[in-house]
Amino acid sequence: MRQKKGFILREVCGEHVIVAEGMEVINFNKLLSLNESAAYLWQQASTLGDFTAEQLAEKLCEEYEVSHEQALQDVEQMLAKWQEIGIVG
């Protein structure tokens, strides 16, 4: 899996959001708000380039106190949502 080009993580008013690069005018209906752990995983995925759910689950376990089973389940759900909205593929 890989992040699609043109989407970047920004901090807007204290919130982590993914936005399309090069937007002339910010359309707040097109922002994807992320919690701290999801923003961390977006950054890790960006660093990895090609990544798997397993790799991101391992990163989540390294950063947060969470079981591998729970991390993998959470990552798989998050990636399914990201695929649904078209920011990873």
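Modeller: A definition comes first: two strands pair if DSSP finds at least two bridges between them, and helices (H or I, at least four residues) and strands (E, at least two) are DSSP runs, numbered from the N terminus. This is a predicted model, in which local features need pLDDT of at least 70 and side-chain atom pairs count only at pLDDT 80 or more, while totals for chains, interfaces and linings use all residues. Residues are numbered from 1 along each chain as its sequence is written, and side-chain values use heavy atoms, with hydrogens and water left out.

Colleague: Which residue of β3 is the bridge partner of H16?

Modeller: Strand β2 covers residues 15-20 and is joined to β3 by three bridges, the two strands running antiparallel. In that pairing V17 stands opposite S33 of β3. For H16, the bridge partner in β3 is L34.

Colleague: Which residue of β2 is the bridge partner of E11?

Modeller: β1 and β2 also run antiparallel, and six bridges join them. Within this pair, L9 has I18 of β2 as its bridge partner. The partner of E11 in β2 is H16.

Colleague: In what order do the three strands form the open sheet, and which of them stand at the edges?

Modeller: The pairing in the open sheet is antiparallel, and the order of its three strands is β1-β2-β3. Each edge strand has a single partner strand, so one side of each is left without a neighbour in the sheet, and the strands in question are β1 (7-12) and β3 (32-34).

Colleague: What phi does C13 have, although it is not a glycine?

Modeller: C13 belongs to the loop between β1 and β2, two strands that form a hairpin with two residues between them. Its relative accessible area is 80%, which makes C13 exposed (exposed means over 50% relative accessible area, buried under 20% and partly exposed in between, with a 1.4 Å probe and protein chains only). Although C13 is not a glycine, its phi is positive, at about 50°.

Colleague: How far apart are the end C-alpha atoms of helix α3?

Modeller: The expected span of a helix is 1.5 Å times one less than its number of residues. Helix α3 (residues 68-85) has 18 residues and should therefore span 26 Å, and this agrees with the separation of its end C-alpha atoms, 26 Å.

Colleague: Within what arc do the buried residues of α3 fall, seen down its axis?

Modeller: The buried residues of α3 are A71, V75, M78, L79 and W82, whereas E69 and E84, on the other side of the helix, are exposed. The buried set packs against β3, α1 and α2 (53-63), where contact means heavy atoms within 4.5 Å. The arc is that of the directions from the helix axis to the C-beta atoms. The buried residues line one face of α3, because they fall within an arc of 100°.

Colleague: At what angle do α1 and α3 pack?

Modeller: Axes are lines fitted to C-alpha atoms, for helices over the stretch in contact, and angles run from 0 to 180 degrees between N-to-C directions. α1 and α3 are therefore roughly perpendicular to each other, given that angles of 65 to 115 degrees count as roughly perpendicular, under 35 as roughly parallel, over 145 as roughly antiparallel and the rest as oblique. The contact is made by A38, L41 and W42 of α1 and by V75, M78 and W82 of α3. The axes are 12 Å apart, and the packing angle is about 75°.

Colleague: How far apart in space are L60 and Y40, C-alpha to C-alpha?

Modeller: L60 is in helix α2 and counts as buried at 7% relative accessibility. Not counting residues up to four places away in sequence, L60 touches S37, Y40, L41, V66, A71 and V75. L60 and Y40 are 20 residues apart in sequence, and their C-alpha to C-alpha distance in space is 8.2 Å.

Colleague: Which residues is Q44 in contact with, leaving aside its neighbours within four places in sequence?

Modeller: Q44 has its place in helix α1 and is buried, with a relative accessible area of 15%. Leaving aside neighbours within four places in sequence, the contacts of Q44 are L56 and K59.
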